[in-house]
Amino acid sequence: MAAVGLENATAAARPQRPAIPFLPEVMLAALGIGAFFAFPNDLAFLARILITGLFVLSLSLVLGQAGIPTLGHSASMGTGAYAAGLFAIHVSQDPLAGLLAGGLAGGVIAVVTGALLLRTAHLTFVMLTIAVAQILYEIANQAAWLTGGDNGLSGISVDPILGVFGFDLYSRTSYLYALAVLMVSYFILRTIVDSPFGLTSRGIHSDPERMRALGCNTYRHLLIVFTIGGLFAGLAGALSAQVAQVVGLASLSFGTSGDALVMLIVGGSARLPGALVGTVVFMIVEHVAATVNPYHWLFIIGGLLIVTVLVLPGGLISVVDWVSARMPWRTFGRGARHG
Amino acid sequence: MADVLQLEGLCKNFGGLVVASDVTFGLAPGDRTALIGPNGAGKTTLVNLISGALHPSSGDITLDGRSLVRLSMPARVQAGVVRTFQLNRLFRDQTVGDNVRIAVLQQKRQSLRLWQSRADRIAVEAAVDHVLGALHLEAREGRLVRTLAYGEQRLLEIALALALEPRVLLLDEPAAGVPRGESGVIMDVIASLPPSLAVLLIEHDMDLVFRFARRIVVLASGAILTIGTPDEVAADDRVKQLYFGRDGHVSQSSQIS
Ligand SMILES: Nc1ncnc2c1ncn2[C@@H]1O[C@H](COP(=O)(O)OP(=O)(O)OP(=O)(O)O)[C@@H](O)[C@H]1O
Ligand SMILES: [Mg+2]
């Protein structure tokens with residue numbers, strides 16, 4: 001019953017630009033800055049939420065929009081993290097250049113592996129994405145002379161951002177830096193989702209063969225989606241390397257990909273804001289439940305996943321949609337209605 | 001006029017089952033050709049061979065004299081050969097407008113654009129409105145496809161094809177499943193297709209076939225039984241045998257399929 005009502009709420013007319021430009025980003029900034037003042041002692045944890053949120057957003061483009069069923073998205077994130085870490089250690093400590101290096105590395109891994117893997121589909125593709133991430137994990141593990149192996153890559157330090165904002169002990173700069181990168185990334189991803197490219201991606205998601213019968217080179221299109229997704233995952237990895245000042249093997253692990261998938265499904269994969277809602281809920285539940293009972297928090301995450309999948313197939317974001325459709329202003333994220 | 005699309009000795013078999021056997025005919029600009037034959041004759045298979053969904057066992061398909069058989073499905077569409085589906089293949093969870101927009105973006109080669117200029121956006125929207133108008137679907141633009149009446153979904157299936165501005169249009173039973181009383185709208189749309197378009201129509205309803213076609217290709221068990229004008233085909237004993245001999249009534253097969 002609830003599901004029917006929620007569907008009607010989203011079955012509105014053609015997509016429209018939000019009346020206020022940058023509205024989603026402004027809301028993001030407001031929430032982010034609110035949290036900054038509300039939880040001054042948890043900024044390190046909140047920064048991790050923002051970075052993971054960016055990672056899950058990139059998965060939302062790949063899986064939620066284009067329907068590419070990857071379970072190895074950590075390959076790009078981990079590669080980006082190691083690239084940014086090594087860049088800071090060996091090349092330059094400039095944080096923005098480091099971000100660029102991480103994003104590029106994530107994109108390159110995605111385009112190279114995607115070129116091969118996207119020739120396959122379904123379960124074969126899923127298995128191969130897992131395999132690629134596992135291979136990269138093992139390479140990082142073996143190449144201890146370069147990556148630190150299972151001790152992790154440490155000794156990463158970066159200069160003040162734009163030469164002004166130095167990283168402090170209380171993670172204030174880290175947090176605001178991550179928030180800024182997330183906002184810019186969100187704007188770019190939202191623009192992509194609302195573009196002809198995004199609409200075509202959703203068409204391929206629903207029926208790739210039909211798209212081919214409309215003249216679409218689906219392979220090329222998906223490869224570009226996969227690459228953009230890898231780029232933003234690499235960006236998230238680079239952020240985490242700079243903020244945590246260490247890169248662990250976990251950034252390439254299967255668990256990292258799996259958690260991101262759970263966050264995306266819990267939050268809702270059809271629209272971008274779902275990725276952020278899912279990340280925030282997952283990580284707070286994990287954080288709180290792990291403090292209360294370090295052994296049983298997975299029960300709660302598992303329960304959350306089951307409840308969303310069964311009761312809210314659109315994810316938690318569909319609750320937000322349902323509520324906002326009944327509000328007098330009806331604005332939240334309208335521009336990215338499909339995305 | 002010279003043929004654009006030419007089928008040359010096309011053969012296809014699934015294991016032992018022969019579904020296309022030495023099929024040879026052509027389509028010229030402005031052609032209104034119907035392809036008829038009993039259920040399982042291989043009509044859809046022929047469309048699949050032309051569109052590239054299937055590969056022929058032997059034979060050739062040419063467009064303006066250039067072979068299509070090595071081209072991928074999207075490349076054939078980009079060359080101007082477009083099909084519709086006997087069973088609706090639509091983006092059901094998207095709006096009618098977005099369905100047509102997806103096709104228009106393909107036609108305009110703008111599907112990779114990450115950003116649209118105002119002029120491009122206006123041109124795309126004009127094309128979307130034009131196609132929706134031609135198919136009497138303008139009032140449905142904002143509706144999700146799965147909420148449309150079945151007959152409207154059949155119209156949208158044609159809309160997607162027309163949005164691609166094809167040179168050769170292959171219509172696989174566009175009125176399939178639509179009650180006889182409502183198929184008139186679909187036939188009106190087909191009657192008003194661009195005059196220069198080469199159209200191949202697969203249809204079971206003989207009334208519709210005779211209203212539309214200037215030439216009829218009769219297919220039986222994958223092979224061409226005869227090709228002729230509607231009058232010639234109507235007078236052909238083998239065709240009568242094929243239909244009356246099996247079903248006892250011409251239009252009965254239109255109810256079966
Ligand atoms: N992929 C396939 N594999 C095996 N046999 C197939 C395949 N596709 C079609 N056939 C068979 O080929 C024959 C021709 O099928 P086709 O769909 O072309 O017939 P049709 O003339 O379009 O019939 P209808 O009027 O029912 O649409 C049928 O016997 C069908 O069962
Ligand atoms: Mg058929």
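Tutor: We begin with a definition: a salt bridge is a side-chain nitrogen of Lys or Arg within 4 Å of a carboxyl oxygen of Asp or Glu. In this predicted model, a search of the whole structure gives 18 salt bridges over all chains.

Student: What makes Asp31(B) and Arg215(B) a salt bridge?

Tutor: Their side chains meet at 3.5 Å, N to O. The cut-off is 4 Å, so the pair qualifies. Asp31(B) lies in the loop between S2 and strand S3 (32-36) of chain B, and Arg215(B) in strand S9 (residues 215-220) of chain B; the pair thus links distant parts of the chain, 184 residues apart.

Student: Why is Arg215(B) called partly exposed?

Tutor: Its relative accessibility is 22%. Buried means under 20% and exposed over 50%, so Arg215(B) falls in between and counts as partly exposed.

Student: How do you know that Asp207(B) forms a salt bridge with Arg180(B)?

Tutor: The closest N and O atoms of Asp207(B) and Arg180(B) are 3.1 Å apart, and the limit is 4 Å, so the pair meets the definition. This pair also links distant parts of the chain, 27 residues apart: Asp207(B) is in helix H7 (residues 206-212) of chain B, while Arg180(B) is in the loop between strand S7 (168-172) and helix H6 (183-191) of chain B. Asp207(B), at 48% relative accessibility, is partly exposed, and Arg180(B), at 42%, is partly exposed as well.

Student: Which residues are linked in a network of salt bridges?

Tutor: Asp98(B), Arg101(B), Glu125(B) and Glu141(B) are linked in such a network.

Student: Why is Asn48(B) called buried?

Tutor: Its relative accessible area is 16%, which is under 20%, so Asn48(B) is buried. Asn48(B) lies in helix H1 of chain B. Leaving aside neighbours within four places in sequence, Asn48(B) is in contact with Ala53(B), Leu54(B) and Arg83(B).

Student: Where does helix H1 of chain B lie?

Tutor: Helix H1 (residues 43-51) of chain B lies across S1, S2 and strand S4 (58-63) of chain B, and runs at about 115 degrees to S1(B). Four strands of chain B form an open sheet in the order S2-S1-S4-S5, with antiparallel pairing.

Student: What makes S2 and S5 of chain B edge strands?

Tutor: Strand S2 (17-27) and strand S5 (66-67) of chain B each pair on one side only.

Student: How do you know that S1(B) and S2(B) pair?

Tutor: The two strands are joined over seven bridges in the antiparallel sense. At least two bridges are required, so S1(B) and S2(B) count as paired.

Student: How far may the model of chain B be trusted?

Tutor: The mean pLDDT of chain B is 93, and 94% of its residues reach 70 or more. Over residues 247-257 of chain B, however, the pLDDT is below 50. Where pLDDT is low, the predicted coordinates should not be read in detail.

Methods
Residues numbered from 1 in each chain as written. Chains lettered and ligands numbered in written order. Predicted model: local features only at pLDDT ≥ 70, side-chain atom pairs only at ≥ 80, totals over all residues. Heavy atoms only, no water. Contact = heavy atoms within 4.5 Å. Axes fitted to C-alpha atoms, helices over the stretch in contact; angles between N-to-C directions. pLDDT = per-residue confidence, 0-100. Buried < 20%, exposed > 50% of the residue type's maximum accessible area, 1.4 Å probe, protein only.
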